[in-house]
Amino acid sequence: MTTRSLLAVAGTARLKVLDRRKSGVDGFVKYLFRSGDETFETVRIPLQMPRWSVCVSSQAGCALGCAFCETGRVGFTRNLEPWEMVEQVLTVRREAPERPVTGAVFQGQGEPFQNYDNVIRAAQVLQHPCGGRIRGQNITISTVGILPMIERYTAEGHVFRLILSLTSAFDDRRVGLIPVGRRYMVADLAAAMRRHAEKRGDRVHLAWVLMSGINTGQDEAEELARLFRGAVLRLSVIDVNDPTGTFKRADDTERSAFFTALARRGIGFIRRYSGGADIHAACGMLASRAGGGDALNAPPPAPFPGPRVLG
Ligand code: SF4
């Protein structure tokens, strides 16, 4: 296909950067984008080596209303198109060329599996050698548990890592935190994730938003061990970030007791750092709101090159 015919079928639009904020604490950067009438956010995450990972939004807002999440409180506007997700990553790459972008995680605004086809398309473009050139294993899709889509994803055999944000092993507790848990029971989600891990020859990856007095108990560790007996489990534990103050972070003693309970049952875990809290960039804080940190005045991106007619 010539450049001219390619440009005839492909868009060349870019996202408008409304704001960039850099955390004064840990170097996380939050982008506020506009596309059409909608705004959404992206987080540039500094990793060691050094390199960048990008936390990508898959929807403008979110319809699922998780109790501990700012995005859920603003409501849903629309699904993002594949190019709008890819462009979030490419904008970071263009504006911060001093490090390579080696990872992407669909864990920004929105539930990726409620925009399944577009998210898979975007991940494929990000992985492609002529696209984002990010290793498939370094692209993560995070879901709060849309069971039919987990099963479809497993059947389709994608290379990207899948992580289920479980956050409680008990249905009654989980429903109060993640309302979609009314439709998809913990036992069914656990079975689906076990099948997924078996098919991939991988561990079961779960995320756990840690909230004081809610999901830090021995009972949670015990139930996790029961649900995933015989599977290799890895729990990514992240402290809650709730600007409303409804949900509190566990202190060191409470968190350590939970970790000890997991370790005693042979459950692997890592404590994930949730950065950029001062710029509302941390997990659970994305609500298309500018403010905090230092405004970054990056040079305007270079205009898209005009068509070079090759033949
Ligand atoms: S945690 Fe995820 S699924 Fe739940 S409201 Fe927030 S963005 Fe939506």
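I began with a definition: a residue counts as exposed when its relative accessible area is over 50%. I note also that the model is a predicted one.

**Entry 1**

I looked up Met49 and found it in the loop between β3 and β4. Its relative accessible area is 73%, so Met49 is exposed. I then checked its backbone and recorded a positive phi of about 125°, although Met49 is not a glycine. The peptide bond that joins Met49 and Pro50 is cis, with omega about 0°. Pro50 also has its place in the loop between β3 and β4, the latter strand covering residues 51-55. For context, I note that most residues other than glycine have a negative phi, and that most peptide bonds are trans.

**Entry 2. Arg133**

I turned to another residue with a positive phi: Arg133, at about 60°, is not a glycine either. I located Arg133 in the loop between α4 (116-127) and β8 (139-143). Is Arg133 buried or exposed? Its relative accessibility is 55%, and Arg133 therefore counts as exposed.

**Entry 3. Val43**

I placed Val43 in strand β3, which spans residues 38-47. With a relative accessible area of 2%, Val43 is buried, because the cut-off for buried is under 20%. Which residues does Val43 contact, once its neighbours within four places in sequence are left aside? I listed Phe28, Val29, Ser53, Val54, Cys55, Ala281 and Leu286. I also took one distance: Val43 and Leu32 are 11 residues apart in sequence, and their C-alpha atoms are 9.0 Å apart in space.

**Entry 4. Arg265**

I found Arg265 in the loop between α9 (252-264) and β12 (268-272). Its relative accessible area is 27%, so I recorded Arg265 as partly exposed. Not counting residues up to four places away in sequence, Arg265 touches Gln218, Ala221, Glu222 and Ala225. I took a C-alpha to C-alpha distance here as well: Arg265 and Ile45 are 32 Å apart in space and 220 residues apart in sequence.

**Entry 5. Helices α5 and α7**

I next examined a pair of helices. Two packed helices are described by the angle between their axes and the distance between the axes. Helix α5 (residues 147-156) packs with helix α7 (residues 186-200) at an angle of about 10°, and their axes are 10 Å apart. The angle makes α5 roughly parallel to α7, because angles under 35 degrees count as such. On the α5 side of the contact I noted Leu147, Ile150, Glu151, Tyr153, Thr154 and Ala155. These meet Asp188, Leu189, Ala192, Met193, Arg195, His196 and Lys199 in α7. By class, the residues of this contact divide into 7 nonpolar, 2 polar and 4 charged.

**Entry 6. The ligand**

Which residues are around the ligand? I recorded Cys62, Leu64, Gly65, Cys66, Cys69, Gly72, Gly110, Glu111 and Val144.

**Entry 7. Confidence**

Finally, I looked up the confidence of the prediction. The mean pLDDT of the protein chain is 91, and 93% of its residues reach 70 or more. Over residues 305-311, however, the pLDDT is below 50. I counted 5 contacts for this stretch in the model, beyond near neighbours in sequence.

Technical notes. Residues are numbered from 1 along each chain as its sequence is written. This is a predicted model: local features need pLDDT of at least 70, side-chain atom pairs count only at pLDDT 80 or more; totals for chains, interfaces and linings use all residues. Side-chain values use heavy atoms; hydrogens and water are left out. A residue is near a molecule or strand if one of its heavy atoms lies within 4 Å of it. Helices (H or I, at least four residues) and strands (E, at least two) are DSSP runs, numbered from the N terminus. Buried means under 20% relative accessible area, exposed over 50%, partly exposed in between (1.4 Å probe, protein chains only). Contact means heavy atoms within 4.5 Å. pLDDT is the predictor's confidence in each residue, from 0 to 100. Axes are lines fitted to C-alpha atoms, for helices over the stretch in contact, and angles run from 0 to 180 degrees between N-to-C directions. Angles under 35 degrees count as roughly parallel, over 145 as roughly antiparallel, 65 to 115 as roughly perpendicular and the rest as oblique. Ala, Val, Leu, Ile, Met, Phe, Trp, Tyr, Cys and Pro count as nonpolar, Asp, Glu, Lys and Arg as charged, and the others, Gly among them, as polar.
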